[in-house]
Amino acid sequence: SELFPNSFLTAGCKVGLVGGTDHFREWCPNHFCLTGFWVKEVSADGVWEAIRNRFTIAMSDSRVAMATTCKGIPMGSTVTIKKDEEMRVSLQARCAHTIKRAMLIRDGEPLAWTEINAKTAALDLVDEAVPPGRHWYVATVEVETGYGSDHVGICHASPFFVWKD
């Protein structure tokens, strides 16, 4: 079966990503999941605004501060790109552990990883081969965790909803 939220995003639903808290069992691969919010004000109203506008990130097994923009527009937004234009997502991230690598996911398909190997990152992730039509993109980083070398943390930014002429 298709993984959530791919089916919703592919159907055109504009949803933001959040990390669930149901990973408390010892046998689960994730020790914890968190949701990060980019808020304009630190208040309950600010959090609800971030959720409504999809200014959220979802992460597992780590704590990552990550923000993405496309053409100066924040994650969770709709973007139009021209026929001869590439998809370019600017990513900024910081983590107490090493950020190993980053990539874009287009319509549920992972694109090429970009190696980082630092605790901070500021880079552009680019898809030069965007087919015409409607797409969704999620910027993702993989980080080391405090759980040993066999565990990695994953952080996803809320998607960009893209139309290419």
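How many disulfides does the structure hold? The structure, a predicted model, holds zero disulfides. A disulfide is a covalent bond between the sulfur atoms of two cysteines, and here the cut-off for such a pair is a sulfur separation within 2.5 Å. For Cys70, the closest cysteine sulfur belongs to Cys155 and lies 18 Å away, which is too far for a bond. For Cys95, the closest cysteine sulfur is again in Cys155, at 8.7 Å, and this is also too far for a bond. Cys70 counts as buried because its relative accessibility is 1%. Cys95, with a relative accessibility of 6%, likewise counts as buried.

**Overall architecture**

The chain contains two helices and eleven strands. Read from the N terminus, the elements follow the order α-β-α-β-β-β-β-β-β-β-β-β-β. The C-alpha trace spans about 45 × 35 × 35 Å along its principal axes. The radius of gyration is 16 Å, which agrees with the value near 15 Å that a compact globule of 165 residues would have. Of the 165 residues, 41% are buried. The accessible surface comes to about 9,300 Å², and carbon and sulfur atoms account for 54% of that area. Among contacts between residues at least 6 apart in sequence, 63% join residues at least 24 apart.

Strand β10 covers residues 152-157. Its covered face consists of Gly153, Cys155 and Ala157, whereas Val152, Ile154 and His156 form the uncovered one. Cys155 of this covered face is the residue that holds the closest cysteine sulfur to Cys95.

Two strands that pair with β10 are β2 and β9. Strand β2 (residues 56-60) pairs with β10 in the antiparallel sense over four bridges, and Ala58 stands opposite His156 in β10. Strand β9 (residues 133-144) also pairs with β10 in the antiparallel sense, over five bridges. Glu144 has Val152 in β10 as its bridge partner. Both of these β10 residues, His156 and Val152, belong to the uncovered face.

**Thr78 in strand β5**

Thr78 lies in strand β5, which comprises residues 78-81. Leaving aside residues up to four places away in sequence, Thr78 touches Lys14, Ile73 and Phe161. With Lys14, the side chain of Thr78 makes a polar contact of 2.7 Å. Asn6 is 72 residues from Thr78 in sequence, and the two C-alpha atoms are 17 Å apart in space.

Arg54 and Lys71 are residues other than glycine with positive phi values. Their phi angles are tabulated below.

| Residue | Phi |
|---|---|
| Arg54 | near 65 degrees |
| Lys71 | near 55 degrees |

Arg54 is found in the loop between α2 (44-52) and β2. Lys71 sits in the loop between β3 (64-70) and β4 (73-74). Which of the terms buried or partly exposed applies to Arg54? Arg54 counts as buried because its relative accessibility is 17%, which is under the 20% limit. Lys71, in contrast, has a relative accessibility of 48% and therefore counts as partly exposed.

Note on methods. Residues numbered from 1 in each chain as written. Predicted model: local features only at pLDDT ≥ 70, side-chain atom pairs only at ≥ 80, totals over all residues. Heavy atoms only, no water. Contact = heavy atoms within 4.5 Å. Polar contact = N/O pair within 3.5 Å; in protein donor to acceptor, adjacent residues only side chain to side chain. Buried < 20%, exposed > 50% of the residue type's maximum accessible area, 1.4 Å probe, protein only. Pairing = 2+ DSSP bridges. Rg over C-alpha atoms; globule rule 2.2 N^0.38 Å. Areas by Shrake-Rupley, 256 points an atom, 1.4 Å probe, with all protein chains shown as cover.
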